[in-house]
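This report describes selected local features of one protein model.

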Amino acid sequence: MAAAPVRQRCGSGGPRSQLPPCYFEGYLEKRGPKEKASRRLWTCLCGNSLYFFNNAKDAHYVEKLDLSGFVSLKDDSSRDRNLEAARLILRMKDGETKFTAPNLEARELWKGFLYSVIDLNVPSSLTLLPGQFQMLKEVVEKERTRRRTRNPGRAPPSPLSVPLVGEIPPCFRPVSRTEAEVLLERHPDCGNMLLRPGRDGCSLAVTTRQDLNGSVFRHYRVTQRDQGGYVIDVENPIPCATLHDVIDALVEKTAGTLQPFLLEEPYEENITYVSANDENGEKILHTAPSSPLPRVPALPPKQDRWCTSPLSRSPAADRRILTSPVPASPTNPMRRLILSPSPLTQTLNEELKLTLEKRKTSQD
């Protein structure tokens, strides 16, 4: 019997009537972490738990699997004796449970309903029809309402105050738990740890991925303290002043095994735009012509306003001027300037003459 969505089954006086609302149900072959063989059981997703019955008409369930210890959910590509069957591995904190759905479509539906209930968010990475996505949205709303009404006396948690942009580490991604796992698994070379919003909307979480005979995901809650800063909610809480310190603490505690997830997203190399055809209204994607930027004309060299003064030139410059070829024309002003002695030169010549004359007189 194929899986059936949202068919509420309520017995009279039996435990089934006391279960949370049933969102999805159908036959699955189940093998738990301590079971050696699979059993075909009627499985019901009621609230945030899976309930197993021997058949669809039983009033008492034989097993229950609480999904609060959820770690990951992935396809199992191993072959089954039934070629149409599709396998699934549900990993919990206390071990793995393997399921076999009747076909690929049933497996996708189970994944969609499980993710929706666990994350309270409709997954976007599954191959489902628009009507099936709509069913998942309704399930998310029903489960949110159920959880709110289950504890009416509990005060709603205070919303998480958004930190400044400068305080958000580059490994932060606004994704759900499931989408974080997909990102880390698709891009193993970009890091294995990312920061994301928490499931309750009032905290943050760190998702990590490591390889141990397959992908192993871990999720750590990060809460904001009233007095400022953050704390990593583990057995021995780790206080941190900033979100950067949260990431640094996990890197340090794991001796560098965990590294922040940094995905370099590509940018467009050309400018594109969409325009509609005036005749038939058809929209076409155009690429804007790319032309090099106009060159800015170079400014003329800045002239030194003191270059005409002979006293401001260095001796080397004076030598270059004196040894440069000068036209022989007597009317050339440059020739007159070079050949005419300067006042300073005349004074030095006169002093030199007087000195020579004194020496000559003293010798006589």
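## Helix 1

Helix 1 covers residues 104–119, and at 1.5 Å a residue its 16 residues should span 22 Å, which agrees with the 22 Å between its end C-alpha atoms. The expected span is 1.5 Å times one less than the number of residues; helices are DSSP runs of H or I with at least four residues, strands are runs of E with at least two, and both are numbered from the N terminus. The model is predicted: local features need pLDDT of at least 70 and side-chain atom pairs pLDDT 80 or more, whereas totals for chains, interfaces and linings use all residues. Residues are numbered from 1 along each chain as its sequence is written, and side-chain values use heavy atoms, without hydrogens and water.

Because 14 of its 16 residues are buried, helix 1 is largely enclosed by the rest of the structure; buried means under 20% relative accessible area with a 1.4 Å probe, protein chains only. At its start, a side-chain oxygen of Asn103 comes within 3.3 Å of the backbone nitrogen of Glu105. Leu120, with a positive phi near 55 degrees, follows the helix.

## Asp76

Asp76, in strand 6, is buried yet has no salt bridge, and Arg87, the nearest side chain of opposite charge, is 4.5 Å away. A salt bridge requires a side-chain nitrogen of Lys or Arg within 4 Å of a carboxyl oxygen of Asp or Glu.

How values were computed
Buried < 20%, exposed > 50% of the residue type's maximum accessible area, 1.4 Å probe, protein only. Polar contact = N/O pair within 3.5 Å; in protein donor to acceptor, adjacent residues only side chain to side chain. Lys, Arg positive; Asp, Glu negative; His and termini not counted.
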